[in-house]
Amino acid sequence: MTDLLQQVVEGLGSGAVYASLALALVLIHRFTGIVNFAQGELAMLSTYVAWQLVASGMPFWLALPVTLAVSFAGGMLVERIVIRPVRDAPELTVVIVTVGLFILVNALAGLIWSFTVKDFPQPFPDGGIDLAGVRVDWSTLGILGVVAVVMGLLYLLFQHTSTGLVMRAVACNPVSARLSGIRVGRVLMLGWGLAATVGAVSGVLVAPVLFLEPNMMGGVLIYAFAAATLGGFDSPVGAVVGGLFVGLAETLTGAYVDVIGADLKVGVPLLIILAVLLVRPQGLFGRAAVERA
């Protein structure tokens with residue numbers, strides 16, 4: 001029983017990282033209807049910014065807000081320069097653009113910082129606490145706490161601020177929002193900036209575990225897609241619940257299903273995506289699309 005609880009704790013820690021990147025995917029999809037395949041690479045680029053600031057002598061907890069500010073501005077810039085020109089193009093065109101952005105950002109990071117693996121500082125102290133024989137590291141508690149804070153801040157933004165009200169109006173019906181005098185273009189830029197900021201959090205959280213290199217977010221993006229698909233691409237709460245579930249499923253199957261083990265754990269999120277698309281395409285918390293005749 002103790003071993004099972006230990007695996008659950010580790011799964012929740014991994015799931016929280018997946019949830020943070022899934023949140024970024026969901027935010028962009030809610031505002032623009034776009035599935036951003038470059039979200040992981042944008043998070044990786046932000047993580048390199050944080051690493052560069054720390055390497056230059058800046059304390060981590062000072063470098064983090066600077067990184068988030070840079071990520072926010074970068075996300076807005078991507079929307080304005082890369083996405084807006086093709087916003088009304090066919091869906092396949094937009095998908096190709098985000099895939100191209102994925103390749104460009106990955107190559108750019110390798111050109112600037114090389115593909116050599118780098119150590120990223122652990123933001124949380126070493127050690128942990130023992131609860132009834134179960135070891136809970138401070139890093140796991142810190143990751144769960146950070147994701148909880150991000151969710152709380154997003155809730156306050158969307159439910160208790162005028163900016164959040166405007167963003168929800170655009171997400172619900174951009175045409176009506178534009179007719180009401182809302183500058184939809186600016187709101188979409190804000191949404192991309194917000195998603196880039198949330199994605200940067202996931203990169204900073206995962207880098208101490210995976211080590212920092214340009215391809216580090218490739219696997220994490222697959223798990224984040226599974227989390228967003230399971231929870232629903234229009235539900236931030238679903239993204240978090242889905243991320244935690246995917247983290248638990250990956251850890252428990254890897255530990256207790258001999259056929260999967262440590263080598264085939266990446267197949268777990270793919271199976272989850274397939275099962276959800278076959279049984280409930282809108283996800284657990286998503287709403288089915290309704291078209292009027």
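How many residues has helix α9, and what does it reach from its first C-alpha to its last? Helix α9 (residues 217–231) has 15 residues and reaches 20 Å, close to the 21 Å expected at 1.5 Å a residue. That expected span is 1.5 Å times one less than the number of residues. Helices are DSSP runs (H or I, at least four residues), numbered from the N terminus.

This is a predicted model: local features need pLDDT of at least 70, side-chain atom pairs count only at pLDDT 80 or more, and totals for chains, interfaces and linings use all residues. Residues are numbered from 1 along each chain as its sequence is written, and side-chain values use heavy atoms, with hydrogens and water left out.

Twelve of the 15 residues of α9 are buried, so the helix is largely enclosed by the rest of the structure. Buried means under 20% relative accessible area (1.4 Å probe, protein chains only). Among the buried residues are Met217, Tyr223 and Phe225. Just after α9, Gly232 takes a positive phi of about 115°.

What covers the buried residues of α9 includes α2 and the helices below.

| Helix | Residues |
|---|---|
| α1 | 2–32 |
| α4 | 91–113 |
| α8 | 184–210 |
| α10 | 236–256 |
| α11 | 267–279 |

Helix α2 spans residues 39–55 and holds Ala50. Ala50 is buried, with a relative accessible area of 1%. Leaving aside residues up to four places away in sequence, Ala50 touches Ala63, Thr67, Phe120 and Val204. Contact means heavy atoms within 4.5 Å. The C-alpha atoms of Ala50 and Val70 are separated by 9.7 Å, and the two residues are 20 apart along the chain.

Terms used:
Helix = DSSP H or I, 4+ residues; strand = E, 2+ residues; numbered from the N terminus. Buried < 20%, exposed > 50% of the residue type's maximum accessible area, 1.4 Å probe, protein only.
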